[in-house]
Amino acid sequence: MSAAEEIVTEAPAVEAVPKRAMTLGYGTSLVVLAALILIPLFVKNFIIFQMTMLLIYALAVMALNILTGGSGQFSLGQSAFYAVGAYTSAILMEHAGMNYALTLPIAGIVCFGFGFLFGQPALRLSGVYLALATFALATAMPQLLKLGYFEHWTGGVQGLVVTKPDAPFGLPMSQDMWLYYFTLAVSIGIYLASVNLLRSRSGRAFMAIRDNEIAASAMGVDVALYKTLAFGVSAGITGVAGGLGAIAVQFVAPDGYTIQLAISLFLGMVVGGVGWLPGSIVGSAFIIFVPNIAEGISKGLSGAVFGVLLFLVIFLVPHGARQIAIIAQQLAAKFKKN
Amino acid sequence: MSVTRPLAAFVAALALVSASWSAALAQKKYDTGASDTEIKIGNIMPYSGAASAYGVIGKTEEAYFRKINAEGGINGRKITFISYDDAYTPPKTVEQARKLVESDEVLIIFNSLGTPPNSAIQKYMNQKKVPQLFVATGATKWNDPKEYPWTMGWQPNYQSESIIYAKYILKNKPNAKIAVLYQNDDYGKDYLKGFKDGLGAKAASMIVAEDSYEVTEPTIDSHIVRLKASGADVFFNITTPKFAAQAIKKNAELDWHPLHFLNNVSSSIGSVIKPAGFEAAQGIISSQYLKDPTDPQWKTDKGMIAWNEFLDKYYPDANRADASVMYAYTVAQGLEHVLRACGDNLTRENIMKQAASLRDLELGGLLPGIKANTSATDFAPLSQLQLMRFKGETWDRFGEILSGDVGG
């Protein structure tokens with residue numbers, strides 16, 4: 001049996017999500033947006049910082065969601081793209097003295113290229129084999145960053161300290177608040193672009209590949225091109241998230257970008273709902289706050305508590321936040337009828 | 001008896017009372033995190049993740065502060081010890097440090113662990129002017145009071161330790177051919193740098209083989225084989241406990257008997273030497289500043305008895321062979337000393353001032369003769385070590401107390 005036949009007979013790993021179900025309705029989007037804009041005005045700087053991290057991880061989770069939910073490819077190597085983005089921004093800011101905002105598109109482009117190139121050999125692999133190949137990338141990355149050859153630029157194991165930007169034009173805003181709104185603007189831009197991408201011709205091609213590769217190629221979709229493209233886009237967005245992360249945390253070091261991060265992002269995607277872009281922010285909240293909650297319950301067993309919580313989520317709502325949203329929608333519809 | 005005398009006495013008494021009252025008022029000074037009844041101390045530890053073995057440090061400290069509170073606190077104030085998990089990942093450390101400072105409003109962050117995590121928060125802590133006191137890492141960069149006046153180290157740094165070995169080799173074996181094995185991270189590289197600095201111009205000709213391993217490797221046997229093949233007669237072993245035991249064992253198996261230097265990170269008898277076998281460890285040279293609880297020579301030592309009593313009562317499940325338990329006990333005592341010295345002036349500034357004025361402080365867990373010293377220009381409390389050679393079933397300390405202060 002050839003590999004192609006195997007794929008056909010296998011049940012699809014990712015459930016087909018119709019493209020309209022990938023986004024939120026207008027009303028809900030506006031409420032979420034208003035909350036994201038208004039909350040920081042009333043909370044402490046620390047909470048604002050946490051919200052910034054929430055948006056940054058949401059971007060990274062969304063990037064993975066485009067890859068897996070959109071084109072049906074698995075990746076456990078997102079931490080590597082995140083690291084490349086973070087280091088690109090940090091090095092440009094600290095060694096070349098570049099403005100932080102300008103470093104982000106560069107980080108995105110560098111990661112797009114990196115992801116696109118990595119997508120070439122990855123084409124020959126699918127399913128769990130692809131996941132393993134990307135896993136290798138994630139394990140290798142921290143060691144590559146430690147290499148003596150790059151040490152002059154990367155700071156080696158000691159990492160690099162990044163200067164946090166002040167609010168421009170003398171705006172009466174703390175650094176944290178400015179960075180939050182900056183991140184929010186970037187996130188909204190990328191979110192809208194992603195939604196449009198998935199609604200476009202390319203998005204349809206991604207989804208056709210996800211649903212059935214052979215049928216897609218029969219319809220004239222250039223499978224190789226679109227698969228690598230999905231990798232590139234996903235890596236590019238992850239790179240921008242990494243760059244923002246480096247600025248928010250003010251520090252990059254190899255230990256921050258281990259396989260643990262890749263698994264967290266993967267987890268965030270599953271909890272948020274595979275293929276449902278707005279779920280990314282829920283998934284991101286899960287990977288940021290649930291470990292803190294688990295630690296609050298028991299310090300010695302925080303890992304076990306986290307495991308139990310994760311298990312509960314997967315057991316009760318296997319489709320993650322998307323499922324909850326659908327249930328809520330149905331309830332609301334019922335309520336209206338009555 | 002005239003009427004005026006009791007009146008005069010009353011006035012005098014009143015004057016005295018008000019004087020002492022206003023004096024007390026003038027003395028009591030607090031920053032966020034301290035009050036008449038409590039002192040809030042923050043801490044960040046890797047309770048989960050790759051470095052979770054060190055989490056025991058946080059647990060021991062928590063037990064020690066419980067002991068202080070049970071005995072009445074520090075100058076009448078109870079210690080609230082808030083310790084968070086960062087899983088040894090710098091971004092999480094930043095989040096936890098900000099939570100401690102901005103949300104829990106702690107007075108200081110004490111003994112946060114690891115070089116990358118502490119590097120990640122150093123700038124933030126110094127901007128906020130919150131003490132980052134007695135950090136749990138042996139990197140050299142924490143002794144930099146000019147650039148970072150709110151950060152202070154604790155233990156002898158890695159570089160000064162390997163300088164001591166280098167000096168010993170230059171003096172006793174000037175024609176040595178040296179093989180070095182080190183862990184490929186900040187800790188290993190810091191040791192290596194100190195060693196090369198210590199050997200000076202002769203480093204290039206004396207070091208005949210250099211090999212590194214990753215902390216994720218299951219075994220380092222192949223590295224030892226390679227180093228033996230270099231024909232070296234001195235071996236500098238910069239490894240963490242698990243690997244140190246493997247290296248000692250493998251050396252014996254290969255019948256390779258160079259003059260073996262072992263970094264003090266792995267000098268524990270209980271967790272390194274015993275598993276590797278006493279026979280294989282004879283003649284190894286290391287150095288130490290803490291008493292090793294698994295070393296029989298301290299059985300009747302006063303400091304060791306106090307340590308055992310503390311563990312019996314407040315942390316009975318502690319693994320007493322774990323060097324981290326002794327480490328945490330000693331550094332917590334160091335903090336206790338600083339807080340007591342602050343008296344009623346619990347400002348962040350005064351804490352740094354008191355921490356920077358330790359004079360010959362001796363603690364129960366330190367080797368006899370080793371003292372903590374700091375000044376406005378020296379932010380490295382412990383910088384002394386004593387060489388020791390393994391003999392029989394115990395470390396045999398020799399030579400005088402050595403010091404190798406290195407600035408950051």
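Which elements of chain B cover the buried residues of α5(B)? In this predicted model, the cover includes the helix α6 (186–199) and the strands β8 (234–238), β9 (259–262), β10 (285–288), β12 (384–391) and β13 (394–403) of chain B. The buried residues of α5(B) are B:Tyr158, B:Gln159, B:Ser160, B:Glu161, B:Ser162, B:Ile163, B:Ile164, B:Tyr165, B:Ala166 and B:Ile169. Helix α5 of chain B runs over residues 158–172, and its end C-alpha atoms are 22 Å apart.

Chain B is divided into domain 1, made up of 38–156 + 299–384, and domain 2, covering 159–288. Taken over C-alpha atoms, the centres of domain 1 and domain 2 of chain B are separated by 29 Å. The contact between these domains of chain B involves 11 residues of domain 1 and 10 residues of domain 2. On the side of domain 1 of chain B that touches domain 2 of chain B, 6 residues are nonpolar, 4 are polar and 1 is charged.

The contact between chains A and B takes 24 residues from chain A and 25 residues from chain B. On the side of chain B that touches chain A, two or more residues are given by each of β3 (78–85), α3 (90–103), α4 (115–128) and α6 of chain B. The largest share of this side comes from α3(B), with 8 residues. By residue class, the side of chain B that touches chain A comprises 10 charged, 9 nonpolar and 6 polar residues.

Key. Residues are numbered from 1 along each chain as its sequence is written. Chains are lettered from A and ligands numbered from 1 in the order in which they are written. This is a predicted model: local features need pLDDT of at least 70, side-chain atom pairs count only at pLDDT 80 or more; totals for chains, interfaces and linings use all residues. Helices (H or I, at least four residues) and strands (E, at least two) are DSSP runs, numbered from the N terminus. The expected span of a helix is 1.5 Å times one less than its number of residues. A residue is buried if 20 or more other C-beta atoms lie within 10 Å of its own, exposed if 12 or fewer, and partly exposed in between; C-beta atoms are placed from the backbone. Two residues are in contact if their C-beta atoms, placed from the backbone, lie within 7 Å. Ala, Val, Leu, Ile, Met, Phe, Trp, Tyr, Cys and Pro count as nonpolar, Asp, Glu, Lys and Arg as charged, and the others, Gly among them, as polar. Domain bounds come from an automatic or database domain assignment.
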